[in-house]
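The tour below goes from one selection to the next.

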Amino acid sequence: MYYGQSFLLKGSAREHQGKYGEALDCVDGYEDLSWFEGLNDTGRAEVAKFKIWAKANRYNLEVLNGNEAILPEYVAFLKKHPHEILPSLRIIVEAANMNNFSIDDVLKEFPVNTNLYNRSGNYYVPLVNKDRYLDLIYQLAIYHFRRKEIAAGLEKLLYALGYAISLNNKEHFFKMVPWFEQHRGQASAQQLKDYETLMGVVLKDAEMGSGLRVGD
């Protein structure tokens, strides 16, 4: 587990740096750990996990690198491994935003809702799933904005903004506020009202010295 995790974490760091080739090299380090001697049932289960993660991360790196053609194959993989849908869908939407391709067919296969938690089950730490879900909704809002679907983008953004406040996630909060302000003129009366309500919650928490404090 520790041996595979070292390659997994290094690959994740390289991915976040945009060094996809180096990240792929790291995948080689944990893709097949069956060569370890003395594996018991627990060890073999870990080997199987890393094999699945390697497959998913290869797909992730392909789409981040702009390989749109691999999406049907990726979707087929996710149908067989539903616990990977949430983390992988987040990457797919981010890749679509980065490389400007359509993922409407993927979103039809995997509707974005809280059922994604149920598919992940206890396979991943619940807090990690919450952060991934938040980033997924945020990326989806950007996807709609870039496709000129402003109403849908604002709807997703407001949902993500409220979720970020509930999680006290300052990083996403400060990324999302400028997106709303950029499209404020196209927001409906209800969306403006919802936004003001959310900002009121933040200001009230700041005054009380709790929650997401804007000055932090």
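**Two loop asparagines**

Select Asn-168, which sits in the loop between α9 and α10; helices (H or I, at least four residues) and strands (E, at least two) are DSSP runs, numbered from the N terminus. The phi angle of Asn-168 is near 55°, a positive value in a residue other than glycine. With 34% relative accessibility, Asn-168 is partly exposed; the classes are buried under 20% relative accessible area, exposed over 50%, and partly exposed in between (1.4 Å probe, protein chains only).

This is a predicted model, in which local features need pLDDT of at least 70 and side-chain atom pairs count only at pLDDT 80 or more, while totals for chains, interfaces and linings use all residues. Residues are numbered from 1 along each chain as its sequence is written, and side-chain values use heavy atoms, with hydrogens and water left out.

Next select Asn-100, in the loop between α5 and α6. Asn-100 has a phi near 60°, again a positive value in a residue other than glycine. Is Asn-100 buried or exposed? At 68% relative accessibility, Asn-100 counts as exposed.

**The whole chain**

Switch to a cartoon view. The chain has 11 helices and zero strands. Of its 216 residues, 43% are buried. Contact here means heavy atoms within 4.5 Å. Among contacts between residues at least 6 apart in sequence, 62% join residues at least 24 apart.

**The nonpolar core**

Select Tyr-30, Ile-103, Val-106, Leu-157, Leu-161 and Met-176, the residues with the most contacts inside the largest nonpolar core, which has 64 residues. Such a core is a set of buried Ala, Val, Leu, Ile, Met, Phe, Trp, Tyr and Cys residues joined through side-chain atoms within 4.5 Å.

Leaving aside neighbours within four places in sequence, Tyr-30 is in contact with Gly-4, Phe-7, Leu-8, Phe-50, Lys-51, Trp-53, Ala-54 and Asn-57.

Move to Cys-26, in helix α2. Cys-26 is buried, at 6% relative accessibility. Which residues does Cys-26 contact, leaving aside its neighbours within four places in sequence? They are Phe-7, Lys-10 and Gly-11. To check one of these pairs, draw a distance between the C-alpha atoms of Cys-26 and Phe-7: they are 5.4 Å apart in space and 19 residues apart in sequence.

**The largest pocket**

Show the surface and select Ser-12, Pro-87, Arg-90, Val-128 and Arg-132, which lie nearest the centre of the largest pocket among its 33 lining residues. The volume of this pocket is about 900 Å³. On a 1 Å grid over the protein atoms alone, a pocket is an open set of points where a 1.4 Å probe fits, with protein on both sides within 12 Å along at least five of seven lines; lining residues have an atom within 4 Å of a point. Grid points are joined across faces, edges and corners, and a volume is the space filled by probe spheres set on the points.

Colour the lining by helix. Helix α1 gives the largest share, eight residues. By type, the lining divides into 15 nonpolar, eight polar and 10 charged residues. Here Ala, Val, Leu, Ile, Met, Phe, Trp, Tyr, Cys and Pro count as nonpolar, Asp, Glu, Lys and Arg as charged, and the others, Gly among them, as polar.

Stay on Arg-90, in helix α5. Arg-90 is buried, with a relative accessible area of 17%. Leaving aside neighbours within four places in sequence, Arg-90 is in contact with Arg-132, Asp-135 and Leu-136.

**Salt bridges**

Finally, show the charged side chains. The whole structure holds 10 salt bridges, each a side-chain nitrogen of Lys or Arg within 4 Å of a carboxyl oxygen of Asp or Glu.

- Select Arg-14 and Glu-22: their closest N and O atoms are 2.7 Å apart.
- Select Arg-58 and Asp-28: the closest N and O atoms are 2.4 Å apart. Arg-58 is in helix α3 (residues 41-64) and Asp-28 in helix α2 (residues 20-30), 30 residues apart.
- Asp-104 is in helix α6 (residues 104-109) and Arg-147 in the loop between α8 (126-146) and α9 (150-167), 43 residues apart.
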